[in-house]
Amino acid sequence: MRKLVSFMHISLDGFTTNSKGQMDWILADEEMFEIAGQQTLKSDTALYGRGTYEIMEAYWPTAADLPNATKHDIEHSVWYKSVQKIVVSKTLKNSEIKNAKLFSENLLDEIRKLKNEKGKEFVMFGRTTLPRSLMDENLIDEYWLFINPIQLGQGNSLFKDLTHEIKLILLMSKTFASGVICLHYTT
């Protein structure tokens with residue numbers, strides 16, 4: 001069975017975006033990119049919600065071609081172009097997405113099927129809605145939480161309205177020079 005691995009930046013008080021839906025408060029550096037890059041290389045499929053896919057698609061296909069591209073930009077761009085991408089959206093149409101498969105109905109059944117296919121791990125980069133719906137169904141096998149040293153007070157809460165308790169086992173923790181703490185959990 002394939003593992004679903006979730007990568008998320010959150011504030012100390014558990015928000016994935018601020019009250020305006022922005023993520024400009026997130027701290028990221030080469031040290032974090034190195035760890036995340038090592039983990040994404042273990043995957044052959046990326047799962048995105050509509051908003052995250054639009055952000056990724058606007059940058060990553062050509063990020064390696066930019067004159068000031070970093071090592072991370074180059075490596076992640078190559079990875080992004082090579083993996084199967086799945087977009088979860090009830091509003092997008094197949095004609096509106098490039099190089100990706102659309103899941104618009106029966107999401108939980110589709111994810112369960114994907115987990116039972118042969119292949120490497122698959123990763124989810126998301127903000128709130130998609131991760132929370134998969135958390136409610138215990139479909140996420142590993143969590144990589146990058147806790148940023150900020151309290152937002154309001155915004156989109158990752159943990160609000162969960163329907164049940166989820167017990168996690170800590171596999172690794174790391175504190176970065178930026179003050180971000182990475183917590184890697186398994187279920």
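Here is a short tour of this predicted model, stop by stop.

Before you click, note that residues are numbered from 1 along each chain as its sequence is written. Local features here need pLDDT of at least 70 and side-chain atom pairs count only at pLDDT 80 or more, while totals for chains, interfaces and linings use all residues, and side-chain values use heavy atoms, with hydrogens and water left out.

**Stop 1: the sheet**

Switch to cartoon view and look for the strands (DSSP runs of E, at least two residues; helices are runs of H or I, at least four residues; both are numbered from the N terminus). An open sheet of 8 strands runs in the order 5-4-3-6-1-7-10-9, with mixed pairing. Select 101–103 and 169–175: strand 5 and strand 9 are the edges, each with a single partner strand, so one side of each has no neighbour in the sheet. From one strand to the next, the twist averages 20°.

Strand 4 pairs with strand 5 in the parallel sense over 3 bridges (strands pair if DSSP finds at least two bridges between them). Pick isoleucine 86, and you'll find that its bridge partner in strand 5 is lysine 101.

**Stop 2: a hairpin**

Hop over to strand 9 and select 181–186, strand 10, too. These two strands run antiparallel, joined by 6 bridges. Lysine 174 has cysteine 182 as its bridge partner in strand 10. The pair makes a hairpin with 5 residues between the strands, and glycine 179 in the turn has a positive phi of about 100°.

**Stop 3: two crossing helices**

Select 107–116 for helix 4 and 129–136 for helix 5. Their axes come within 11 Å and cross at roughly 75° (axes are lines fitted to C-alpha atoms, for helices over the stretch in contact, and angles run from 0 to 180 degrees between N-to-C directions). Helix 4 and helix 5 are therefore roughly perpendicular, a label for angles of 65 to 115 degrees. Show side chains: Leu107, Leu108 and Ile111 in helix 4 meet Leu130, Ser133 and Leu134 in helix 5, where contact means heavy atoms within 4.5 Å. That contact has 5 nonpolar residues, 1 polar and no charged (Ala, Val, Leu, Ile, Met, Phe, Trp, Tyr, Cys and Pro count as nonpolar, Asp, Glu, Lys and Arg as charged, and the others, Gly among them, as polar).

**Stop 4: the largest pocket**

A pocket is an open set of points on a 1 Å grid over the protein atoms alone, where a 1.4 Å probe fits, with protein on both sides within 12 Å along at least five of seven lines; lining residues have an atom within 4 Å of a point. The largest pocket holds about 720 Å³ of space, a volume being the space filled by probe spheres set on the points, which are joined across faces, edges and corners. Select His9, Phe33, Met56, Trp60 and Phe125, the closest to its centre of the 23 lining residues. Helix 1 gives the most to this lining, with 5 residues. By type, the lining divides into 14 nonpolar, 7 polar and 2 charged.

**Stop 5: the second largest pocket**

This one has about 390 Å³ of space. Of its 17 lining residues, Gly49, Arg50, Val88, Thr129 and Leu130 are the closest to its centre. Which helix gives the largest share of the lining? Helix 5 does, with 4 residues.

Terms used: Angles under 35 degrees count as roughly parallel, over 145 as roughly antiparallel, 65 to 115 as roughly perpendicular and the rest as oblique.
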